[in-house]
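User: I would like to learn how to read contacts, interfaces and ring pairs in a model. Please take the features one at a time.

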Amino acid sequence: MKDSHGMTPIVKTVTRVSVWLILLYGCYIILHGHLTPGGGFAGGVVIALAFLNVMLAYGKSFTAEWLNIRLLKDIEAASITLFLVLGLLGIAFGNAFLANFLGKGEMFSLFSSGTIPLFNIIIGIKVALSLFLVVWVLADIDSAKGGDL
Amino acid sequence: MILPYFVLLPLLAAFLIALLAGKKDDWAIALSFMATLSILALSVFGFITMREQTFTYAMSGWNIPIGICLVQDALSLFMLFMISLIALTSLCFSVQYIRHLAQDWKYYALFMLLLTGMNGVVVTGDLFNLYVFMEIALIAAFALVAYGCRAEEYEASFKYAIMGGFSSSVILIAIALTYSSTSTLTLAGIAQALPGLDQRLVMWIAALFLVGFGLKAAAIPFHTWLPDAHSSAPAPISSMLSGVLIKALGIYVLIRLFYNVFNAPPLFMNLLLIIGSVSIMLGVFLAIGQWDLKRLLAYHSISQIGYILLGLGLATPLGILGAVFHLFNHAIFKSLLFYGAGAVEMVLGTRNLKKMGKLAHLLPITAGTNMVASLSISGIPPFNGFFSKLILIIAAIQAGHPVYAFWAILGSLLTLASFMKVQRYGFYGEVEHQKPNIMPGKLIHAAMLILAVICLLSSLFIVPGIREHTLDPVVDVINNKIHYIELVYGRAL
């Protein structure tokens, strides 16, 4: 991808509206992971697609201003570290790695099923940022020169 | 319970490195050393105190057959000790070697993921979990092979990725067949269900596993990826790949599946004998003509893997003892040989034996430790390689296979010939060299000296009195075959 200024105004206008809907849908899938089909991975992919949508429509330089890529890289590493820490808390307060140590709550309510929603949220962040950053890094490589990661 | 920490500590280190390391590699080095040292200490502690018992650990508190279990017995602790020992020396070697290439924390994060994958394969008691950990280790290995960012390294990495992807697909098909016919993925559960199945189906599943994990172990018909991948990787990674990766992903899984799950079917034991002896001979013939030092060592890995498969194929307690002992010894001396090749490459910038020449006075410690490792791999007493090969040869004759014993002896002689070539041209040749700009530092020397001492000390594993506490518990686990089922289910609460 060359450093273009994105696509036509039609695409940009549609993206401006749709990207928030896609993000909302991704958050919905993640937050209802323990109640409905889907979960952290599926919702994370949807969120990554929202970011990629902006990158395709507006070009890389705009996206780099809109999002703080360095911060995203740090959040990505922090999210998976948090996953492991939550798993270790399972050893500390439960009986095994990744064990549930919170109350199970009422069935079919949003705040229920112990640690599963927390893990879903963390996996959602991790998958969203990983997928987005993989495409971001690949788009950086100039095939003629070879790229430095 | 120490079992989950073998996976957790390197995994945590990998992500903390990504989080904390800025531009420099100081944090990365400190964190990876901490993680590796702790799993080495844990595995030594585990082997000393718990080698006679089998424990299972239910992940998330869900017991088998619902959840995933980790299994700890003498075999897995032995493998964990071997992996963490080589990983520690490899990290010692890496510090100067990788700074010489580029100062980068990503190497250490990938290294920790490689360690996570191998430890995970060794501790897990669940077939699909094993597959996932295998992929973690492999993907980290693909990236590390291409770490030097030169064309030939990308080519080797790509070839490795293709062959790895192919073997993983074969394994995945075998896992799918197993799951559809036994309705369980716990290894002990599969072992329990297999005798009740159509035996033709069981043989097909076993054949697919043999091809898949044979590719990972690089036995002869499946070896084509190994010489490129192992010779192109940075030296400490070559030693990890040749020393432990092909064993953790290949040999260890073959042992677990074919002994503890499939109950050592005679057909496949014979196949292992044939594959083993063909690997011994062809590997060494391919090695002897090489002038690229690391490529020569890579072909020798194929040949030495052949010895291990030969011992396993004999399926007698003595053969298994020889195979387990050679597994450990090969990890030690092959890593040491790769460190030597890496040190020479760092100093002279060449891997070509013809361009090396008089190095004995220039790099005395490298030349000395390389000599120790060469003597070990060629099977010269009193180094460890002699004893393990001797046991294998005696075991082959006792089991009534004198032909295989002959191949093993001939392979050993040819190994000696090819390492005489390494010494003659590589370290005691005619080409004179000026004082080089860069010399191996203290950590590199420490890594090489530790392994050289272990080359001598591990001969003691075979001495009666020590053997009962080191190798025999491991042999018992393998030789008891599907007694594994009772051990795993007996300890599960």
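Analyst: Start with contact, which means heavy atoms within 4.5 Å. This is a predicted model, in which local features need pLDDT of at least 70 and side-chain atom pairs count only at pLDDT 80 or more, while totals for chains, interfaces and linings use all residues. Residues are numbered from 1 along each chain as its sequence is written, chains are lettered from A and ligands numbered from 1 in the order in which they are written, and side-chain values use heavy atoms, with hydrogens and water left out.

User: How many residues of chain B are in contact with chain A?

Analyst: On the chain B side 14 residues are in contact, and they meet 14 residues of chain A.

User: How is the area of an interface read, and which residues of chain B supply much of it?

Analyst: Buried area is the accessible area (1.4 Å probe) that two parts lose on being put together, summed over both. Between chain B and chain A about 1300 Å² is buried, with 74% of this area from carbon and sulfur atoms. Of the area that chain B buries against chain A, 37% comes from Leu8(B), Phe15(B) and Leu19(B), more than from any other three residues.

User: Which parts of chain B supply the side that touches chain A?

Analyst: Helices (H or I, at least four residues) and strands (E, at least two) are DSSP runs, numbered from the N terminus. Helix 1 (5-20) and strand 1 (55-58) of chain B each give at least two residues to that side. Helix 1 of chain B has the largest share, 8 residues. By class, the side of chain B that touches chain A has 11 nonpolar residues (Ala, Val, Leu, Ile, Met, Phe, Trp, Tyr, Cys and Pro), 1 charged (Asp, Glu, Lys and Arg) and 2 polar (the others, Gly among them).

User: How many salt bridges are there between the two chains?

Analyst: A salt bridge is a side-chain nitrogen of Lys or Arg within 4 Å of a carboxyl oxygen of Asp or Glu. The count between chain B and chain A is 0.

User: How are aromatic pairs read?

Analyst: A pair of aromatic rings is described by the distance of the centres and the angle of the planes. Rings of Phe, Tyr and Trp (its six-membered ring) pair if their centres lie within 6.5 Å; planes under 30 degrees apart count as stacked, over 60 as edge-to-face and the rest as tilted. Over all chains, the search finds 28 aromatic pairs. One of them joins Trp20(A) and Trp66(A), edge-to-face at 6.3 Å centre to centre with 85 degrees between the planes. Trp20(A) lies in helix 1 (residues 9-31) and Trp66(A) in helix 3 (residues 60-66) of chain A, so this pair ties together parts 46 residues apart in sequence.

User: What does Asp228(B) touch?

Analyst: Asp228(B), in helix 9 (residues 226-232) of chain B, is in contact with Ala156(B), Lys159(B) and Arg295(B), leaving aside neighbours within four places in sequence. Asp228(B) counts as buried because its relative accessibility is 16%.

Note on methods
Buried < 20%, exposed > 50% of the residue type's maximum accessible area, 1.4 Å probe, protein only.
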